Amino acid sequence: MKITAIFGSPVCKGNTETMAEAFLAECAKAGAEINRWRLNELDYKGCSGCMACKTRLEECALRDGLTPLLKAVHGADVVLIATPVYFFDVTSQMKGFIDRCYSFLTPDWYKKKKMSRLAPGKELVFVVAQGGAERVFHDMLQRYGAIFATLGFKPLHLVRGGRLRGPADIAARPELLELAREKARLVLAGAPSADTIPVYDLD
Ligand SMILES: Cc1cc2nc3c(=O)[nH]c(=O)nc-3n(C[C@H](O)[C@H](O)[C@H](O)COP(=O)(O)O)c2cc1C
């Protein structure tokens, strides 16, 4: 199993990375091949809206720090994206990456036939840390869940921790690390996801 792990927090070894690493350690034990990307250490731009990926190219026209990562997503069985909530949303680093994933959509994606250039069946693991309680920001999961479903990912597994206010707070939350390990065991077993994220109908 090949896993591409994308870290969207600018804080190294903070709450999201620690939860993500608990997931990855369980997968590594089972022999998974893991490649890790810290977005804050890459030099890249957001999508330029040039539409080259919908007209003359099969990929993003920009050549920068995200180019090898976008290639790695093609080769992955599982993509893990880990982000804290920043002002009700993913971090700007993660949003920059997600916008560049527009290049994975086919020119006719809105006709709902072959929507994605990615091979079908990839799984997405969404690791989220937030200062607020877990009952808030479901809308964020719904929005990004819809985007990744459109890109052909399924199922989507959630590892989510609320009330994580300082970068070391995760140390006092062993149940969240166990949740991450439990989700890893589900992914390794090829079990269906228990996480249901209603997908928006875009029409
Ligand atoms: C710029 C900024 C904005 C934030 N906005 C929110 C927010 O809107 N809602 C929330 O619950 N937490 C918010 N937080 C708190 C982080 O989500 C929380 O501390 C998280 O655990 C940090 O994860 P990390 O250690 O992986 O960076 C914000 C933190 C920062 C630095």
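1. The model is predicted, so local features need pLDDT of at least 70 and side-chain atom pairs count only at pLDDT 80 or more, while totals for chains, interfaces and linings use all residues. Residues are numbered from 1 along each chain as its sequence is written, and side-chain values use heavy atoms, with hydrogens and water left out.

2. There are 3 aromatic pairs in the structure. Rings of Phe, Tyr and Trp (its six-membered ring) pair if their centres lie within 6.5 Å; planes under 30 degrees apart count as stacked, over 60 as edge-to-face and the rest as tilted. The pair of F88 and F137 is tilted because its planes stand at 55°, with the ring centres 5.1 Å apart. This pair links distant parts of the chain, 49 residues apart: F88 is in the loop between β3 (78-84) and α4 (92-100), and F137 in the loop between β4 (123-129) and α5 (138-150). Helices (H or I, at least four residues) and strands (E, at least two) are DSSP runs, numbered from the N terminus.

3. F88 counts as exposed at 57% relative accessibility, whereas F137 is buried at 17%. Buried means under 20% relative accessible area, exposed over 50%, and partly exposed in between (1.4 Å probe, protein chains only).

4. F148 and F153 form an edge-to-face pair, 5.6 Å centre to centre and with 75° between the planes. Both F148 and F153 are buried. The two residues also belong to the lining of the second largest cavity.

5. The charged end of K54 sits over the ring of Y102, 4.3 Å from the ring centre. The criterion is NZ of Lys or CZ of Arg within 6 Å of the ring centre and within 35 degrees of the ring normal.

6. R56, in the loop between α2 (52-55) and α3 (67-75), is exposed at 64% relative accessibility. R56 and P107 are 51 residues apart in sequence and 10.0 Å apart in space, C-alpha to C-alpha.

7. The structure has 2 cavities of 30 Å³ or more. A cavity is a set of points on a 1 Å grid over the protein atoms alone where a 1.4 Å probe fits but cannot get out; lining residues have an atom within 4 Å of a point.

Definitions and conventions. 1 Å grid on protein atoms, 1.4 Å probe; cavity = no way out; pocket = protein on both sides within 12 Å on 5 of 7 lines; lining within 4 Å. Points joined across faces, edges and corners; volume = space filled by probe spheres on them.
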